[in-house]
Amino acid sequence: MSFSIKREGEVVVVDVEGQLIVGNRQELKQKVLDEMEKGEKKFLIDFSQTGYIDSSGLGVLVSLSKKIREQGGELRLANLNDDLKTLFELTKLDTLFQIADTRNRALQSF
Amino acid sequence: MERFRRTASRRCPLSYHSRMSTALDGEQSRDDRRVVEVDIPSDVAFIETVVELVRRECQVMAFTRRQIMLNVPVALTEALSNAILRGNGDDPAKNVHVRAEVDTRRLIVEVGDEGVGFDLDMSERDPTKPENLNREDGRGLYLMRKLMDRVEMVEVPRGSMVRMTLNRE
């Protein structure tokens, strides 16, 4: 499991590879916070290579969403598979986040 | 027919003291059953390994793809992190015991810790209410209940144990 960060224009894109769970959620949080420290404001988290997410992982996404908003930034999510979509629907977090079907659509939505 | 139990020990990928046994009933038909038992120290780094062990057995028993990719890993991760972080207070000297019994009808997985346990009925706040949506925490038990058919606290002589049941679809 790892997180890779790339820039696509003005957007910082984070790929979540493997699981986003209690054991690695802080790593994701820190990586995004580091980018915010550098002044980045637009973030896209891409889940095309993600296995599963637990409640801690969801909690970190909620926390990052708040922090990014507080700094006048935006967070988008993309490429949730059907299982991950179900997870977001069960927790109603699909109503909290802006979720795009593809990376390109998410990038265009900023 | 007299049933027998065969126990096969395998080398477990966990580096601490741990054991895994597979017990198979003699009948290979509907009574075929596999049991995984693992003890892990209280360290969240072990969660994925345990989840994989249990997932693999569910795959053998032809659970649905969704159950293998969503229900089992998420609910078990929640139970394990709860036992490690809350039950055992993240103390690596304390162990978490996992026993999963899988057959073609259902998965029953028990996660035991050395803590005092909690009241399932008192532990839930609805995380989907608008006022709770922005909270970081409070979704673990909710997800366990949503993703499993049954979640219950089991009385054990020492520590506490949660038992989750998932019927194969």
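**Loops, sheets and a covered helix**

Colleague: B:A62 lies in the loop between α1 (47-60) and α2 of chain B. Does B:A62 count as buried or exposed?

Modeller: This is a predicted model, so the answer comes from counting neighbours. B:A62 has 10 C-beta neighbours inside 10 Å, so B:A62 counts as exposed.

Colleague: What is the phi of B:A62?

Modeller: B:A62 is a residue other than glycine.

Colleague: Now chain A. Where is the place of A:N79, and is A:N79 buried or exposed?

Modeller: A:N79 has a positive phi too, near 65°. Its place is in the loop between β5 and α3 of chain A. The cut-off for buried is 20 or more other C-beta atoms within 10 Å. A:N79 has 21, so A:N79 is buried.

Colleague: How many residues of strand β3 (residues 42-46) of chain A are buried?

Modeller: β3(A) has five residues, and the strand is mostly covered. The number buried is four.

Colleague: Which residue stands opposite A:D46 in β3(A)?

Modeller: Start with strand β2 (residues 11-20) of chain A. β2(A) and β3(A) pair in the parallel sense over five bridges. In this pairing, the residue opposite A:D46 is A:D15.

Colleague: What is the handedness of the β-α-β crossover from β2(A) to β3(A)?

Modeller: Follow the chain. It leaves β2(A), passes through helix α1 (residues 25-37) of chain A and reaches β3(A). This β-α-β crossover is right-handed.

Colleague: Which residue in β5(A) is the bridge partner of A:F43?

Modeller: β3(A) is also joined to strand β5 (residues 74-78) of chain A. The two run parallel, with five bridges. The partner of A:F43 there is A:L75.

Colleague: Over to chain B. What pattern does it follow along the sequence?

Modeller: Count the elements. Chain B has three helices and seven strands. Read along the sequence, they give β-β-β-α-α-β-β-α-β-β.

Colleague: Which are the edge strands of the open sheet in chain B?

Modeller: The order of this five-stranded sheet is β3-β4-β5-β7-β6, with antiparallel pairing. An edge strand pairs on one side only. In chain B that picks out β3 (33-41) and β6.

Colleague: What is the average twist from one strand to the next?

Modeller: Go from strand to strand across that open sheet of chain B. The twist averages 15°.

Colleague: Which residue of β7(B) stands opposite B:V109?

Modeller: Look at strand β5 (residues 106-113) of chain B. β5(B) and β7(B) pair in the antiparallel sense over eight bridges. Opposite B:V109 stands B:M164.

Colleague: At about what angle does α1(B) run to β3(B)?

Modeller: α1(B) lies across β3, β4 (95-103) and β5 of chain B. Its angle to β3(B) is about 175°.

Notes:
Residues are numbered from 1 along each chain as its sequence is written. Chains are lettered from A and ligands numbered from 1 in the order in which they are written. This is a predicted model: local features need pLDDT of at least 70, side-chain atom pairs count only at pLDDT 80 or more; totals for chains, interfaces and linings use all residues. A residue is buried if 20 or more other C-beta atoms lie within 10 Å of its own, exposed if 12 or fewer, and partly exposed in between; C-beta atoms are placed from the backbone. Two strands pair if DSSP finds at least two bridges between them. A crossover is right-handed if, with the strands pointing away from the viewer, the path from the first strand over the helix to the second runs clockwise. Axes are lines fitted to C-alpha atoms, for helices over the stretch in contact, and angles run from 0 to 180 degrees between N-to-C directions. Two residues are in contact if their C-beta atoms, placed from the backbone, lie within 7 Å.
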